[in-house]
Structures are given as C-alpha cells and as structure tokens.
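Let's walk through this model together, starting with a salt bridge and ending with a pair of helices.

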Amino acid sequence: MSTDRPDLADGILRAYLSDNAVGASPEILAAVVAASAGVAAPYGEDPLSIGVTDLLSATFEHTVDVFPVATGSAANGIALAALTPPWGAVLCHPDAHIANDEAGAPEFFTNGAKLVPVGGANGKIDPDLLREAASRRRGDIHSVQPAVLSITQATESGSVYSIDELRTLTAIARDAGLRVHMDGARFANALVALGASPAEMTWMLGVDVLSFGATKNGAMTADAVVSFDPALAAELAFRHKRAGQLTSKMRFQTAQLAAYLADGLWLRNAVQANEMARRLRDGFAVTPGVEVLGDDLISDDAIGEATANILFCRFSEHLTSSLRDRGFDFYAGRWEQDVVRIVTSFAHTERDIDALLTAAREVLRPQVVGV
C-alpha cells in the first residue's frame, strides 16, 4: 500500500514530537463507541460521569470532586482560578507549561493573577528560592501576594520530583499559607517512575488540586480537574461551566477516563512510554556523535536527564536533517541550536526505538574511503 506518510511506510512509528502526537488506546476508542449507544442525561448527570468520580476517589483513596475538561490548559486555568485571587501570585518554575505554553490562559482564567518564576536545576523548583519567593513583599499593598505553588509532575524537562522533594516544597508552601496545585499532564509517567501511589504523590503531601492528564497517555480529548478540598467544589463547578468545559455529552469524555483507569491501562501505558525513553537514552549514550544531556550540561539548568518519557540530546545539524529526511520528527532548536527533544509514548515499541537508533548510527557511521 502506497503512502505519503514516511512514518507509516514500513510500520515504524517515527513521530517523537510529543506523546500527544500518537493516537488513542484501542480500549479508550472502544469505550467511546460503547458510550454512544442509547441515551444519557447531559452535563455530567449520566451514570458514566457519576461513576468516574467514584472511580477517581477510589484511585486516590480520598473523596474527590472531578471536573472533566477537553484540554490540560483548561484544567490548569480552572484549577488556578479557584485557588488564586486576582491580586495573587502563582509561584512556578520558569519552564512550567503554564508559564510558556498556554498563551496567557492562567492569567485569563484567574482574572489577572501574576505568574512568578521560581528557578531550579533540572526543571525543578529550588526549595530555598521558593522559601524566598513565598515570603516576598508579603502584606505589601503595592505587590501581588504569593497565593499558590504550582508544581509540574513530571516536569517539562522529563525529570520527576521525588516524594521527599515534593514534601519539602509543599511544606514550604503550607508554612507560608499558600495553596498547592499540581500540573499532572504526565502524572502517570511520574507515578510509575517513582513507584508511588496516587495518594502518596498528591493529597498526602498537601496538594489541593490536581490537573489530571490523560490525553498524552492514551486518551483522545479528556483530562480532568481533581480537587481534594470539598470547600472548593462549588467554585470549581461554576468556573467549569463558565469556562465552557461543562460539555453536554460529557459521557464521551468520562468514558475515556473510565477506560483509562480500568484494569490499570493508564499505568501500563506510562510504563511503556517510560521504558521506551530509557531504551532510547541507553542506546544514544553509546552512540558516537550523540550527546545525551543531563542537568549539568545545559547553561540554563532547565534540561535534565529523562526519568519519565522525555529525552534531550545534542545532535549535529547533519544528523537532525538526515533523520528528518528519513521521516523521523522531533523538536529541535527551541532550547539551543543543536539540542533536540524526543518524547516517547505508549504507542512506541522496541522496534520503533531500535529503528531510530539504527538510522542515527547509519548517518553517523564514518564513510569508508575506497582503496
């Protein structure tokens, strides 16, 4: 069968731009089809949607309020709006998704709250810098007031906060009177990387609201705001509606979430994505001409060793262009001229990873000069 898609020509998946570039898990597609049968009450009053709240409460070992959304940006914006007054400051890492990739959505949803960057190596917030930022100009009527700590887990650089690191940050936030939000676009990837439980990585550490990501890990158009504080339920419900996220046929979103959580699909998908990143990292580490980057190798300390499913490497321009000519696709040049980001997904297999490694080695192999 002919095709103009080089990533499909021989059955090799060559897309590494992001884990949302691949399709959905078959189990989730089947659940959406099943949800289309018959009729159901709209606006989240259907059995599937009600059941997802119970399912997530069981998953987190805590009664939660759940608000399904179509995008992670909506989840972050709605969550932060419920936690932050307009004169508040959201403390986040400079490379956080809310700071760089949401076109001002957090500021829009919060009615003008300010994002205040708090630096740290490897994509992680530094505790000492957080402690300073959490008390900066406290009570000064001329300044925004620190209100929320937003933690990205896993980070935008692929690193994962340990439980102890999270505990330190959330304790600083609590001592300063801040609420805590977790951007969990790759929550499952971080969870399996740590071998922790959902409870241990969230409310047991003091997280108030989680942006629970599913789309990057096998869903189609389904993420959720998960709140561990019942006092926020009413405000979140109105903000959910006001943001245009209370969908009339919500069962198609909650069917995805139910299938995602059923039988551990979300964890299996995350394990696959993480293991493929590890296989790729190990392969590139022994490939002459490729440099696998760690947190001490990039000047701004923002790119770290991939412990979830994101890998940063240094490629020559020749290697980048040659791999793209062969149909492989990844981000290049957004961080430094010769730095590339490769993101693996649940859909990648060992065959796909080995094909990329083989192609890179073929490009880099020294030319044999004929005698």
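Glutamate 165 has a relative accessibility of 31%, so it counts as partly exposed (buried is under 20% relative accessible area, exposed over 50%, partly exposed in between, with a 1.4 Å probe and protein chains only). Its side chain meets that of lysine 124 in a salt bridge, at 2.9 Å from N to O (a side-chain nitrogen of Lys or Arg within 4 Å of a carboxyl oxygen of Asp or Glu). Glutamate 165 sits in helix H7 and lysine 124 in the loop between strand S3 and helix H6, so the pair ties together parts 41 residues apart in sequence. Lysine 124 is buried, at 14%.

A word on the ground rules: this is a predicted model, where local features need pLDDT of at least 70 and side-chain atom pairs count only at pLDDT 80 or more, while totals for chains, interfaces and linings use all residues. Residues are numbered from 1 along each chain as its sequence is written, and side-chain values use heavy atoms, leaving out hydrogens and water. Helices (H or I, at least four residues) and strands (E, at least two) are DSSP runs, numbered from the N terminus.

The structure holds 19 salt bridges. Another one joins glutamate 336 and arginine 314, at 3.2 Å from N to O. This pair links distant parts of the chain, 22 residues apart: glutamate 336 lies in the loop between strands S10 and S11, and arginine 314 in strand S9. Arginine 314 is buried at 19% relative accessibility. Arg174, Arg179, Asp208 and Asp229 are linked in a salt-bridge network.

Finally, look at H12 and H13: His318, Leu319, Ser322 and Leu323 in H12 meet Leu356, Ala359, Ala360, Val363 and Leu364 in H13 (contact means heavy atoms within 4.5 Å).
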